Amino acid sequence: AAVPLATVPDPGDRLLGGLLSPDFDDRSCLSRYRAARYRRASRHALSPHLVSALRRYESLHRLCAPGTPAYARALGRLRANASGDGADPSGTRCDYLVWTPNAGLGNRILSIAAGFLYALLTDRVLLLNGSRHEDLDDLFCEPFPGSTWILPPRDFPVRKKLTIDTAESLGSTLGRGEAPGGAPWLYLHLVHNYRTPDRLFFCDDVQTQLRRVPWLVFQADNYFVPGLFLIPRYERELSRMFPRRDAVFHHLGRYLFHPSNTVWGMVTRYHGSYFAKADERLGIQVRTFKWAPISTDDFYGQILKCTHRENILPAVVARAAANTSTGGADGQQAAKRKAVVVVSLHGEYSERLRDLYHEHGTAAGEAVSVFQPTHLGEQHIGDRQQNQKALAEMVLLSFSDVVVTTGVSTFGYVIQGLAGLRPWVLVRPDHGKAPDTPCRLAPTIEPCFHRPPNYDCRTKARGDTGRTVQHIRHCEDFPEGVQLL
Ligand code: GDP
């Protein structure tokens, strides 16, 4: 098959090679057109087909967004509990996909991106329902020109808490032996604990039925994009939008997630203090999980072993040797300045690293400075300021030249995706100890879909999603998951 022509954007191109629409006012969202000045230009080809799909989507969104007559009519039908079969007398029919928050910011960003791709494929309008979670406030800019992607909380009649047992879910509907096609709205439970009937979402025949449901509400804590690549009816369109499949989140993430002016203020201040004057920028994301315990000493040792073994950070030398080799005394040689930004909930890793390079010199005389913007101690899901800081740190690290991330962390996936860099991934602990191989260069910049459906739609039996199609493999950092290659 002919592969469509693709373009690599010029460095410093504020519209990112056509990925971004020019139709925005710069001041309402400073980051949108300015991030390109800070970030490395994308090395991942952007297909003209994706660009035209985005422009087409923007027109649809403008036509159907909150505040439009089409939206008012669609809401009216939802309130009246009407199914999607009646044609709209005006001729415009708008179908919606409503995102519901679940889990931490990294998970949320990935699930919004996955939902957006599903909306693109199915001509639905993506709206974010932040009703019970004020934490969407002042976090992101609007991504679509001339309209909003926020569902006004008071508008939406579906107020119940959505869980795996919700009667209106796809899984429950199929479980009762009913066809989902006639419902006025349906809930898609794409959370890690989903069961077989919910997993049928990834089957072609169910997708046919869902086309007739005007409002789909979903919840996901997962990057379910690889699952969409399993569905035959989307194959052709996906291959045109993403002739190379390994940069889906990279493009959609750079398109969708522009930090608000408040968050961008933090990013540029951090950048000015830590990164701006450096010759080389290294971002290290250190995440600990309760399910993968490891002591601080061991994890610190693992980080050092990784960064030294892979020549990411220079080895230190004894004090006396360092004094003669730095070259500063005779003024002959300007040492290379490396800036390291560590992001973590904990302060210990950056403190130890900073002390190491304060107390010792390096053989080639590089000056290594180590910073950490925040160390919040613990995670508070749904706290506005915490989310703002977390987003600012993700965006700052996406300006790095090299990134080291913690395997399995969605926070890390967002960093690598926005950066467009394959990260060095800290391998998860082996029975509470640092593994022999401290880190590996990731095979792709794509995030891992941690809980794939593992269901074979043809045989209607359990299957291994990692072995169904050629370009979807088990993840290196989390073998239970799958990712696009
Ligand atoms: P994951 O749990 O690693 O997959 O990442 P999530 O982003 O989904 O959830 C972790 C949450 O904990 C984040 O959203 C933050 O609120 C917080 N968090 C974790 N690591 C960091 C960090 O390095 N910096 C900041 N500011 N917050 C963090």
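Helix H15 (384-397) contributes the most to the shell around the ligand, with four residues; helices (H or I, at least four residues) and strands (E, at least two) are DSSP runs numbered from the N terminus. The model is predicted, and local features need pLDDT of at least 70, side-chain atom pairs count only at pLDDT 80 or more, and totals for chains, interfaces and linings use all residues. Residues are numbered from 1 along each chain as its sequence is written.

Of the 19 residues around the ligand, those that come nearest are Gly104, Leu105, Gly106, Ser409 and Thr410, where a residue is near a molecule if its C-beta atom, placed from the backbone, lies within 6 Å of it. Two or more residues of the shell are given by each of helix H4 (105-122), strand S7 (337-344), helix H15 (384-397) and helix H16 (410-419). Domain 1 (16-256) and domain 2 (261-451) each supply at least three residues to the shell, the domain bounds coming from an automatic or database domain assignment. By residue class, the shell holds seven nonpolar, nine polar and three charged residues. Here Ala, Val, Leu, Ile, Met, Phe, Trp, Tyr, Cys and Pro count as nonpolar, Asp, Glu, Lys and Arg as charged, and the others, Gly among them, as polar.

The protein as a whole contains 16 helices and 16 strands. Its C-alpha trace spans about 85 × 50 × 45 Å along the principal axes. Of the 485 residues, 43% are buried, that is, 20 or more other C-beta atoms lie within 10 Å of their own, with C-beta atoms placed from the backbone.

How values were computed:
A residue is buried if 20 or more other C-beta atoms lie within 10 Å of its own, exposed if 12 or fewer, and partly exposed in between; C-beta atoms are placed from the backbone.
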